[in-house]
Amino acid sequence: MTATHSPAQLWIAGARPRTLPAAVAPVLAGTGAAAYSDSVVWWKALLALGVSLALQVGVNYANDYSDGVKGTDDNRVGPLRLVGSGLVPAKRVKAAALLFLGIGGVLGFVLAATSSWWMLLVGVAAIGAAWTYTGGPSPYGYRALGEVSVFVFFGLVAVLGTAYVQVEEITAPAVAAAIGIGALACAILVANNLRDIPTDSVTGKRTLAVVLGDAGTRRLYGLLMLVAIGALVWAAFSTPWALLGLLALPLIGRAASIVASGAQGMALIPVLRDSGLIELVYAAGLAIGLAIGG
């Protein structure tokens, strides 16, 4: 430890609080879709939120551990990493990752037991994806597949799962919300990996950003924002109130302009912050709109 960081501050930093909107947003959007169908079950929504938050923190600690022991974080730019900085032993970070993934698994088991047992398979897949993103002998995050996993698990699975356990069917507003939220969750990862292209290239971490290059990654960020806006337009066919998600438009414009300007390194940190806020405001606006429209 250091004199400037208490143990609590280190663990909070390692949990990466700025990524937590990516866990809250899909539950908001999915519950909004349930409200549109007049089928909100609040205790299931809260249980889904617990699952989402636990898995998000778990995957953050898992990535910290796996990247740290591989040396990927040795010279990174950005927020503190526990293992890479040498401030916390790797085995303790690994234990924290397994603890939170386990909590997510237990909460998910309860949700599946009170909804549909086949959802257990989805939960197992989500936990497996969380660990193997940067962990294991062949991490898919090092093979340019991170964005695909984020879209699937923090977009489609999280939103549709939250809606399904309450409504017990898949609806068009839920699908539109899942696509929009998935695109914005991807944008957070794209912004992170855009910042890390120089260090990831040196350490052999082959992210999608490394594959696409700087210019291609910046275009991808803009495209994901357009997909999210398009998903709102689709949801608006169910109710025009869904366009309340456009309350995130000023934040989208600010973040996209920084990315388009060619900002690099620490100058991209505000984009990470804004990308999380975009997803949260988008989800809240969409959820409120679907609730009103229903």
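**Entry 1: helix H7**

I kept in mind that this is a predicted model. I began with helix H7, which covers residues 146-167. Next I looked along the helix and noted a kink of about 30 degrees, centred on valine 157. I also checked how covered H7 is: 16 of its 22 residues are buried.

**Entry 2: salt bridges**

I reminded myself that side chains of opposite charge can pair when their charged atoms come close. How many salt bridges does the structure hold? I found 5.

One of them joins lysine 205 to aspartate 67, with the closest N and O atoms 3.2 Å apart. Where do the two partners sit? Lysine 205 is in the loop between helices H9 and H10, while aspartate 67 is in helix H3, so this pair ties together parts that are 138 residues apart in sequence.

Then I turned to arginine 195, which forms a salt bridge with aspartate 196. Their closest N and O atoms are 2.9 Å apart. Here, too, arginine 195 and aspartate 196 are both buried.

My next stop was arginine 218 and aspartate 214, whose side chains meet at 2.7 Å, N to O. These residues are 4 apart in helix H10, so about one helical turn separates them. Are they buried or exposed? Arginine 218 has a relative accessible area of 11%, so it is buried. Aspartate 214 is at 31%, so it counts as partly exposed. I also noted that salt bridges with shared partners join Arg254, Arg273 and Asp274 into one network.

**Entry 3: aromatic pairs**

I moved on to the rings and found 6 aromatic pairs. Among them is the pair of tyrosine 61 and phenylalanine 100, which is tilted: the centres are 5.8 Å apart, with 45 degrees between the planes. This pair links distant parts of the chain, with tyrosine 61 in helix H3 and phenylalanine 100 in helix H5, 39 residues apart. Tyrosine 61 counts as buried because its relative accessibility is 5%. Phenylalanine 100, at 27%, is partly exposed. Last, I saw that ring pairs link Trp11, Tyr61 and Phe100 into a cluster.

Methods. Residues numbered from 1 in each chain as written. Predicted model: local features only at pLDDT ≥ 70, side-chain atom pairs only at ≥ 80, totals over all residues. Heavy atoms only, no water. Helix = DSSP H or I, 4+ residues; strand = E, 2+ residues; numbered from the N terminus. Expected span 1.5 Å × (residues − 1). Bend = angle between axes of the 7 residues up to and from the residue. Buried < 20%, exposed > 50% of the residue type's maximum accessible area, 1.4 Å probe, protein only. Salt bridge = Lys/Arg side-chain N within 4 Å of Asp/Glu carboxyl O. Phe/Tyr/Trp six-rings, centres within 6.5 Å; stacked < 30°, edge-to-face > 60°.
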